[in-house]
Amino acid sequence: MSQRQPHLALELGEHAGDLATSAEAAGFALVTIADSPLGGARIEAGVRAAHLARRTRRIGLAPTLHVTVTEPFHLATQLASLDHASLGRGAWVVGAQNSAEAYATVGLPRLDGAELRREITDAIDVARQLWDSWEDDAIIRDRSTGRFLDAGKVHHVNFTGARFSVVGPLITPRPPQGRLVVLGSDELGVTDRLDIALIAAPTLDEITDRTRRARADGAPLVFADLEVHPAGHSSPPRHLADGSSPPLRHTGGADELPELIERLGRVVDGVRLHLADPGALPGIAAALGRPPVTGPTLRDTLGLPRPANRFATVA
Amino acid sequence: MSHRLHLGVFFTGVGPQLIWTDPAFSSHTHIDTFIATAKTLERGLFDAFFLGEGLRVRENRGRVHDLDVAGRPDAITQLAALAAETSRIGLVATQNTTYNFPADLARRLAGLDAISGGRAGWNIVTTDNAWTGENFRNGGWLPHDRRYARAGAFVEVAKALWQGHPVDRHDDLIDVTAAPTVPARPVLFQAGDSPGGRDLAARHADVVFSANTDYHKAIAYAADLRRRLAGHGRSPDSLRILPGAAVVLGDTPAEAAEKARWIQREQVTGPRALAFLEQYWGKDLSGYDPDGPLPDIEPTEGELDPSRGTISIEHRTGKAERIAGWRRLAAERDLSIRDLVIEVTPQHSTFVGTPSQIADEWSRYVRDRAADGFNILPQLLPGTIEDIVDKLIPELQSRGVYRTEYEGTTLREHLDLPG
């Protein structure tokens with residue numbers, strides 16, 4: 001159980017950059033950026049995150065990238081580059097949209113069940129291997145021999161998954177955090193691969209239950225999703241299109257939110273807010289009264305150690 | 001009608017062009033280097049900052065090539081970050097049509113264009129080799145002669161999605177059903193040197209980034225391209241020609257020439273000269289003296305090593321003839337290995353001189369419509385760019401061939417392209 005105040009995350013939804021800077025000022029650890037390959041008239045999440053990298057200084061940036069509709073090599077490159085541009089604040093919300101419409105955008109066969117879980121696992125595994133493919137000290141700039149790189153420290157990964165293979169190395173040097181922080185729903189069925197399991201459940205009991213399971217499956221951190229609606233809001237819980245559970249809802253005022261978050265904090269390590277009205281953020285920030293996180297990297301903020309490189313030989 | 005010069009900087013991020021031994025060189029991968037470069041270019045009123053991309057790290061005989069700068073960010077990600085740090089400069093991403101999904105890439109490019117307020121460009125490239133494809137789902141699926149057919153179809157899909165049209169296309173080149181992206185209109189760049197590339201450029205490109213920099217070649221190239229444009233019903237003014245170029249400035253012609261010689265020797269170091277020959281000999285030549293004669297052994301003819309990132313396709317066959325030619329050249333002119341490599345390395349043309357000399361020469365290119373400007377490949381960072389902005393730009397401005405302020409905000413406006 002967590003001893004400290006739970007970390008705060010904010011889902012930006014379609015709202016623009018100012019919300020991220022406000023969240024940063026309000027002490028949030030990270031923002032997530034939902035996306036869909038069918039997102040149409042919405043700016044792609046990776047592009048938005050990269051832009052925010054230079055509009056913010058301490059907050060983590062977690063775009064949703066879908067493994068089902070992109071090249072795993074590009075995905076790993078884009079995320080590594082986000083981490084470089086943000087000086088170590090990059091994260092990834094693993095998306096796995098697998099509707100027929102999503103797959104039609106790339107002309108790949110639709111996957112489901114165990115096959116889909118294998119694809120997600122492969123995409124996460126190859127990304128982490130590619131992030132390790134350059135050792136931290138691969139760039140040596142040795143004037144005496146004329147060598148810019150130590151070729152022994154830039155590695156082929158020779159990854160073979162169920163449906164794709166990647167030789168590597170990545171075209172981008174190792175990210176500042178070593179590996180980006182990987183978030184994903186516990187309902188993806190790959191909790192053992194996640195740094196942060198995201199739990200959307202309608203009751204505290206169910207959150208408690210699934211948190212226990214996520215920890216047993218090996219997730220270092222667990223965050224609960226919390227929808228925040230204006231006081232007096234009475235619309236019924238929405239049914240999510242992908243069949244996943246609706247998250248916990250808070251319909252009281254901002255004043256009552258700190259207590260709920262504190263209660264959740266006895267169960268989970270963090271709470272991700274989804275604001276029905278983004279205009280509510282200043283009130284929530286005032287009620288919470290938190291200072292900005294100090295970072296400098298997202299791993300520092302979350303207390304996650306920087307991973308050793310799998311290719312580095314132990315000195 | 002614009003008779004003004006347009007300038008971009010092509011930041012390749014790999015290869016021997018950039019001299020990392022320069023004491024002023026800090027890091028070619030750190031975001032701060034990109035930000036500082038983009039801001040200097042904006043101060044110099046450049047049209048575009050242009051990032052290269054290659055989808056496999058270059059290798060020499062199965063190992064990562066270790067002599068040149070290497071490692072670069074994803075171009076769209078990096079440029080989206082730079083969009084937040086700049087307000088005018090065009091942001092051009094090199095992106096590959098062979099190893100991308102059209103709807104995915106179109107959506108990311110549209111995002112860059114939207115988030116930058118219309119400053120995005122796309123340098124359209126293709127990859128012919130299965131070696132690069134080993135990093136992708138459909139590795140090596142596309143035969144060399146179909147690269148441009150795929151690229152053309154890919155660009156058509158992207159344009160339709162940007163213009164608000166859904167796409168439903170299923171053939172042997174493209175398999176996509178997708179809804180429109182955010183409205184966008186990235187400026188399309190193309191290298192356009194091979195016949196297939198020239199035709200793709202004439203059909204789709206707004207800017208060509210050619211290797212025909214030499215004045216007479218540039219004149220011939222421009223004439224050929226304008227003829228092809230007409231064949232596609234496009235006006236001759238609907239395309240900008242910006243050949244790649246290197247620039248070496250000095251306060252006197254002698255100083256510039258001396259600096260150019262120094263740069264060349266730094267770019268072709270002894271180990272690099274040997275590595276260059278190793279691509280043709282296909283074996284370890286590190287025991288040879290780069291300042292001595294050519295290797296006294298002949299390469300074994302056979303499968304070319306997979307160093308495809310460092311050797312262009314035209315050079316993968318006929319190696320024995322090429323080597324015989326080099327031997328004749330070296331014997332005739334008494335060249336060492338390093339001298340020979342300096343002599344035969346394909347290079348973008350270099351303008352060497354005082355700011356005033358180069359400003360005169362470039363004015364002539366623009367006046368004669370040999371080129372609409374140049375894409376500059378810096379050898380020194382930040383030196384090359386700072387010199388150009390501080391010394392060459394004022395000379396160009398005083399000749400009336402270069403803007404004195406940005407008139408527009410979009411890349412399309414900077415380039416004076418049809419609206």
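Biologist: Why is B:Thr94 called buried?

Modeller: In this predicted model, B:Thr94 has 23 C-beta neighbours inside 10 Å. A residue is buried if 20 or more other C-beta atoms lie within 10 Å of its own, so B:Thr94 counts as buried.

Biologist: Where in chain B is B:Thr94 placed, and what is it in contact with beyond its neighbours within four places in sequence?

Modeller: B:Thr94 sits in strand β5 of chain B, residues 90–96. Leaving aside those sequence neighbours, its contacts are B:Leu51, B:Gly52, B:Glu53, B:Ala75, B:Asn123 and B:Val125. Contact here requires C-beta atoms within 7 Å.

Biologist: What makes B:Thr94 part of a "binding site"?

Modeller: That comes from the UniProt record, an unreviewed entry, which lists B:Thr94, B:His144, B:Tyr148 and B:Ser194 under that name.

Biologist: How do you know whether B:Tyr148 is buried or exposed?

Modeller: By the same cut-off of 20 or more: B:Tyr148 has 21 other C-beta atoms within 10 Å, and is therefore buried. B:Tyr148 belongs to helix α5 of chain B, residues 147–162. Outside four places in sequence, B:Tyr148 is in contact with B:Thr126, B:Gly196, B:Gly197 and B:Leu200.

Biologist: How many residues of chain B are in contact with chain A, and which element gives the largest share?

Modeller: On chain B there are 50, in contact with 46 residues of chain A. Elements giving two or more residues to this side of chain B are β4 (63–64), α2 (75–83), α3 (102–115) and β8 (175–178). The largest share, 8 residues, comes from α3(B).

Biologist: What classes of residue make up that side of chain B?

Modeller: The side of chain B that touches chain A has 27 nonpolar, 11 polar and 12 charged residues.

Conventions:
Residues are numbered from 1 along each chain as its sequence is written. Chains are lettered from A and ligands numbered from 1 in the order in which they are written. This is a predicted model: local features need pLDDT of at least 70, side-chain atom pairs count only at pLDDT 80 or more; totals for chains, interfaces and linings use all residues. UniProt positions are given in the numbering used here, feature names are shortened, and annotations may be inferred rather than shown by experiment. Helices (H or I, at least four residues) and strands (E, at least two) are DSSP runs, numbered from the N terminus. A residue is buried if 20 or more other C-beta atoms lie within 10 Å of its own, exposed if 12 or fewer, and partly exposed in between; C-beta atoms are placed from the backbone. Two residues are in contact if their C-beta atoms, placed from the backbone, lie within 7 Å. Ala, Val, Leu, Ile, Met, Phe, Trp, Tyr, Cys and Pro count as nonpolar, Asp, Glu, Lys and Arg as charged, and the others, Gly among them, as polar.
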